[in-house]
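Good morning, and thank you for making time for this item. Please look at the model as I bring it up.

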Amino acid sequence: MPTIEFNLEPLTGEHGLALAVTGMLVVFLALALVVTFITVLPRIASWLSRAHPSPAPAMPVEDEQLPEELLVVIAAAVAEVVRHPHRIVHIRTPGDMSWSLEARLQHHQSHKIPHRDR
Amino acid sequence: MSVFESITTKIAQFWETTAFAGLEPGNVIMIAIAGCFIYLAIAKHYEPLLLVPIGFGIIVGNIPSSAGVSLSVYDEGSVLRYLYFGVEQGIYPPLIFLGIGAMTDFSTMLSNPKLVLLGAAAQVGVFLTYLGALAVSFSFGETTLSFSPQQAGAIGIIGGADGPTAIFLSSKLAPDLLGAIAIAAYSYMALVPVIQPPIMRMLTTRQERLIRMKPSREVSKLERILFPIVAFLICTTMAPGAIVLIGMLFFGNLMKECAVTDRLALTARSAMIDIVTMLLGFCVGASTNAQRFLQPQSILIFVLGALSFAVATAGGVLFAKLMNLFFKEKINPLVGAAGVSAVPDSARVVQMVGQQEDPGNFLLMHAMAPNVAGVIGSAIAAGVLWSQLAL
């Protein structure tokens, strides 16, 4: 019959409890230092940003046609796609092209090849 | 000799060269275990990227070869032996860490630094299991089985819930136990959704599980670039043994965050990590030959591994409760369970258990903070054990 026994003697040696407690302390201490660093990181980042300021963002251009909320949404969508410094200089609404789109649609439909029975 | 006798002799000779002649019940058991792994991966979606390569590797490793033919990972000169070199020498785990670094977003951790401590608390599973493995002995008949400090250290790291770290440390401290430790580590990682929830529920009240946490703040690009460099210096100054794993993790993360090495980061987190995962999983599976794997010590390793996961989960949850005694802004203690570094499975389990109480409570992003901190914590723990026990 297999039996499982516990022997506490190995725990008292150099590689026993002493190593486990020291190891746990080292893990905690290292991660506590990481926590300290992360806590001050925003301040370091803001200090570095002040020391090396990035180019001023482009001033928003007044647009009489589009509401401000829509401009914000478009700017956010462009930023998500581009992910690099950029400047939106022109927003073309679909309405600008409605006549040409309609004409193009008709033109393509006129090229449809009719189905023939063999 | 008649033609008939020649043919029967030849058939008998051929039979000896087939796998049937050397197939033992242990091989059949291992092939059945591999079938379970593949079933769990395909039907239940338990860590399929790991269990499919490991499962198929187990099948490959348990097909007996005829004498004189070099086929298995243990045969000098075989192809599998060369592939296994990366496991044996601890080459694959740091490469996996490079890929993990290139796909990890530390923003949630940077936005709520105190959650990092939960990743440290969960490492109690590593060190308590180390002590347990050191103290336990298994007797059957006249044979008594016990573990050396090096073997105990390699077993303890299963509690870190990090497969590559477990493989790395066992390749350095206890290469003879590598197969059992790796299979135990990956099996329990796959079973995180089964092991953790009962412990999480047992140690928390309903009121605690309902705690909603403040949304994370936005982290600037400069912070995300500075973090891997300085955190690497802090961690490896404290535990130089973790240089390889932590170094690759933060190197991968720097490539991702600096935005000027997109191509490198993309390769690290896609093609490279996929190739290494395939090789690692397959080779670990192929190393579990029944004659080496089906030993009483493997059963003991599996029992200790399960305990280490449970202790690590409990450690994280209880430490979160302890922190709530001191902090005004309360932490949902479920988040502590994500301190075991099974990324992102344990964070997903936290989200699942939290939503069972309150469907409107989204804990996933909060849980990712201790989860990635757990990766760092387990790598530091491995570094400490390696540097102390390899002496």
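Before the sheet, a definition: two strands are taken to pair if DSSP finds at least two bridges between them. What you see is a predicted model, and every value I quote is computed from it.

With that criterion, three strands form an open sheet, in the order β1(A)-β1(B)-β2(B), and the pairing is antiparallel. Why is one side of β1 of chain A, and likewise of β2 of chain B, left without a neighbour in the sheet? Both strands stand at the edges and have a single partner strand each, so one side of each has no neighbour there. From one strand to the next, the twist averages 25 degrees.

The pairing that joins the chains is between β1(A) and β1(B), the latter spanning residues 136-140; these two run antiparallel over four bridges. As a point of reference on screen, T3(A) stands opposite S139(B), a residue of β1(B).

Two helices of chain B lie across this sheet. Helix α9, residues 124-135, lies across β1 of chain A together with β1 of chain B, and runs at about 40 degrees to β1(B). Helix α19, residues 296-326, lies across β1 of chain A together with β1 and β2 of chain B, at about 140 degrees to β1(B).

I turn now to the contact as a whole. Chain A contributes 35 residues and chain B contributes 44 residues. The size of an interface is often given as the accessible area lost when the parts come together. Here the area buried between chain A and chain B is about 3400 Å², with carbon and sulfur atoms giving 84% of it. Within chain A, the residues that lose the most area to chain B are H15(A), L31(A) and I38(A), together 17% of what that side buries.

What of polar interactions? Between the chains there are zero salt bridges, and three residue pairs are in polar contact, counting pairs with both residues at pLDDT 80 or more.

Which elements of chain A give two or more residues to the side that touches chain B? They are β1 (3-6), α1 (9-12) and α2 (17-51). Of these, α2(A) gives the most, with 24 residues. By type, the residues on this side of chain A divide into 27 nonpolar, seven polar and one charged.

Technical notes:
Residues are numbered from 1 along each chain as its sequence is written. Chains are lettered from A and ligands numbered from 1 in the order in which they are written. This is a predicted model: local features need pLDDT of at least 70, side-chain atom pairs count only at pLDDT 80 or more; totals for chains, interfaces and linings use all residues. Side-chain values use heavy atoms; hydrogens and water are left out. Contact means heavy atoms within 4.5 Å. Buried area is the accessible area (1.4 Å probe) that two parts lose on being put together, summed over both. A salt bridge is a side-chain nitrogen of Lys or Arg within 4 Å of a carboxyl oxygen of Asp or Glu. A polar contact is a pair of N or O atoms within 3.5 Å; within protein, one must be able to donate a hydrogen and the other to accept it, and residues adjacent in sequence count only if both atoms are side-chain atoms. Ala, Val, Leu, Ile, Met, Phe, Trp, Tyr, Cys and Pro count as nonpolar, Asp, Glu, Lys and Arg as charged, and the others, Gly among them, as polar. Axes are lines fitted to C-alpha atoms, for helices over the stretch in contact, and angles run from 0 to 180 degrees between N-to-C directions.
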